[in-house]
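Open the model in your viewer and keep the selection panel at hand. The stops below are meant to be taken in order.

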Amino acid sequence: MYLIGFMGAGKSTVARRLSRMCGLASIDMDSYIERLAGMPIPQIFEESGEEGFRRMETQALRDIAAMEPMVVSCGGGVVTRPENIALMSAHGTVVHLRVTADQAAARISDTSSRPLFQDLAAARARLEERLPAYEAAADLTIETGGRSVGAIAHEVRRALERRGVLERLDASSVA
Ligand code: S3P
C-alpha cells in the first residue's frame with residue numbers, strides 16, 4: 001500500500017501507525033533514498049538537482065515494489081513522473097492523504113529538510129498543480145485536516161478492509 005500526498009500530509013507518521021495496526025512492515029521512501037545516496041535529501045538536491053533526485057526516487061520505487069508487502073510512505077513528488085504512478089498502481093493500492101498547503105505548513109516544524117517547501121505561496125501553487133495527479137493516481141483519498149494520526153490510520157485501514165486489500169496483503173505475506 002502506497003501513501004501519497006503533499007509534504008506535511010502525515011504520510012510517514014500514518015505509515016508507521018498503520019504498519020503497527022496491520023502487522024506489516026513499513027518503509028519510508030525518502031529515508032531509503034538517503035541511505036542509497038549516502039546523504040540527506042537537501043544535499044542530493046544541491047549536488048544532483050531535482051532531476052537527479054527524481055531518478056533516485058524512481059529507482060527506489062522499483063526496488064520497493066520487488067520487496068515483501070508493506071506500507072510505503074512516498075515522497076510528496078512521487079506523482080510527478082507517470083512511470084512512478086504506473087509502478088504503484090501495478091504493485092499495490094494507492095492512498096492519497098489530502099492536506100491543504102496551510103495545514104501542511106502548520107505541521108512542518110522545520111522546512112530545512114524540505115528543499116521544495118521553502119515558502120507558503122510557492123507551496124500553495126505547487127500543491128494546486130499536483131492535486132489532479134494525486135487524485136488521478138489514488139485508489140482512495142482520505143482527508144487529514146484537523147484529525148489525529150490514529151483517526152486517519154483507522155480510516156485507511158477500514159477502507160482497505162472494505163476493498164479486501166488487507167486480506168490480500170496478509171495472505172500473500174504468509175505465503
Ligand atoms: C518532495 C517531498 C519530500 C522529499 C523531497 C521532495 C516533493 O518528501 O521527497 O524533498 O517534491 O514534494 P515528503 O513529502 O515526505 O516531505
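A residue is called buried under 20% relative accessible area, exposed over 50% and partly exposed in between, with a 1.4 Å probe and protein chains only. This is a predicted model, where local features need pLDDT of at least 70 and side-chain atom pairs count only at pLDDT 80 or more, while totals for chains, interfaces and linings use all residues. Residues are numbered from 1 along each chain as its sequence is written, and side-chain values use heavy atoms, with hydrogens and water left out.

Select Arg114. Arg114 is partly exposed, with a relative accessible area of 29%. Arg114 belongs to the loop between α5 (101–107) and α6 (120–137); helices (H or I, at least four residues) and strands (E, at least two) are DSSP runs, numbered from the N terminus.

Now show the ligand. An N or O atom in the Arg114 side chain is 2.7 Å from one of the ligand's oxygen atoms. For Arg130, a polar side-chain atom also lies 2.7 Å from a ligand oxygen atom. Taken alone the ligand exposes 380 Å², of which the protein buries 96% (areas by the Shrake-Rupley method with a 1.4 Å probe).

Which residues come nearest to the ligand? Select Lys11, Asp30, Arg54, Arg114 and Arg130, the nearest of the 13 residues around the ligand; to be near, a residue needs a heavy atom within 4 Å. Colour this shell by type to find five nonpolar, three polar and five charged residues. In that scheme Ala, Val, Leu, Ile, Met, Phe, Trp, Tyr, Cys and Pro count as nonpolar, Asp, Glu, Lys and Arg as charged, and the others, Gly among them, as polar. Helix α3 (residues 41–65) gives the most to the shell, with three residues.

Next, select Ser73 in strand β3 (residues 70–73). Is Ser73 buried or exposed? Ser73 is buried, with a relative accessible area of 2%. The Ser73 side chain makes a polar contact of 3.3 Å with the side chain of Ser12, and another of 3.2 Å with that of Asp28. Such a contact is a pair of N or O atoms within 3.5 Å; within protein, one must be able to donate a hydrogen and the other to accept it, and residues adjacent in sequence count only if both atoms are side-chain atoms.

Finish at Gly164, in the loop between α7 (149–162) and α8 (165–174). Gly164 is partly exposed, at 23% relative accessible area.
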